Each structure stands twice: as C-alpha cells, then as structure tokens.
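Hello,

I am handing over the structure below. My notes on it follow.

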Amino acid sequence: MRCPYCRHADSRVVDSREADDGQLIRRRRSCPECGKRFTTVEEAVLAVVKRSGVTEPFSRTKIANGVRKACQGRPVTEDALALLAQRVEDAVRSRGAAEIPSNEVGLAILGPLRELDVVAYLRFASVYRSFDSLGDFEREIETLRDEALAREAAREQGGGTATVEEPEAAAASRTV
Ligand SMILES: [Zn+2]
C-alpha cells in the first residue's frame, strides 16, 4: 500500500484488528520512508451477478440511481433514497453470501420502496417484473389496496380503545 504522505510505494503493517463483527479488517501501517502512520480498511467485496453472468461490485449509488428514476415527481428526498439504499445493502449483506444475483437485489428493493412511496414502487415493479398488461398493474394495485385497507382496519381497531374510554369518562362524570 502506497504511503498517502510521501507516496512511497511500500508500507509495513504494524497492527491488524477486526471491526464491525469481523466484516472489516483495519490495518495500522507505517511508512519506512517518512515514518508516518496511516490506517487501511479491508472489506470483502459483495459481488452482484448480472443475468449475463458478468459480476460487478454492489453499489449503493447504483441502487439509489435506479430508484431515483422511479421516484421522479414524487415527494421522495435524497436522504430517503440513501436510507433505502442502505437498507437494501444491509438486507443483501445479512445473507452472508459473497455473490448475489442482480434479480435478488431488485427483490430487496421492492419492500423498502413500497413503504417509501407506492407510486414509485408501482413504476419500479412494473419495469423490474416486466409488467406487460393492464392486468399485471391491476393485480398489483389490488394487492396494495388490500394492504392499505388492512392497515386502516387495524388502525380503526386501535381507535376502538378510544370508544371504550368514553363510557369510563361518562361514568367518572356521573360519580362527580
Ligand atoms: Zn511515507
């Protein structure tokens, strides 16, 4: 490793330790030329295997770029995109595989994107799953509607506890 201070072509490792639960190795290095010390970090590359068989390193930037297109005109911030890309990376890395097929990366995007913005999700899913008919859209929208209804129903049940409190309040006012 080249010294960042004097550009000397070699350096000596003086200490190595694991970080991030063994995901990273940090090495403390010393330059034999200028004597300065610096740290390097070594991390296993997570490779994405494309359909063509070509592999490329996993990139959060690429994830965010892909999703950004689907989010055009939607109220989705850059921070939200970065967070989504981080969630996708965490999900993909948690599988512990060194290589992951690109379609599984796409699958890992769908869940967080659906939570972020359903319209962007529909756009992304339509490309990713190659929707080719209105029926495909209809089915997906129906699933989203069912989920929204289920969420609403759950919320109403939650609201039910408020109506339970009313008689209590009435009872309390009666005893006063
Ligand atoms: Zn140096």
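Helices (H or I, at least four residues) and strands (E, at least two) are DSSP runs, numbered from the N terminus.

This is a predicted model: local features need pLDDT of at least 70, side-chain atom pairs count only at pLDDT 80 or more, and totals for chains, interfaces and linings use all residues. Residues are numbered from 1 along each chain as its sequence is written, and side-chain values use heavy atoms, without hydrogens and water.

Helix H4 covers residues 118–128. Buried residues (under 20% relative accessible area, 1.4 Å probe, protein chains only) of H4 include Tyr121, Leu122 and Phe124.

H4 packs against helix H1 (residues 60–70) at an angle of about 110°, their axes being 8 Å apart. Axes are lines fitted to C-alpha atoms over the stretch in contact, and angles run from 0 to 180 degrees between N-to-C directions. The two helices are therefore roughly perpendicular (65 to 115 degrees). In contact (heavy atoms within 4.5 Å) are Gly66, Val67 and Ala70 of H1 with Ala120, Arg123 and Phe124 of H4.

There is also an open sheet of three strands, ordered S1-S2-S3 with antiparallel pairing. Strands pair if DSSP finds at least two bridges between them; seven join S1 to S2.

Regards

Methods: Buried means under 20% relative accessible area, exposed over 50%, partly exposed in between (1.4 Å probe, protein chains only). Angles under 35 degrees count as roughly parallel, over 145 as roughly antiparallel, 65 to 115 as roughly perpendicular and the rest as oblique.
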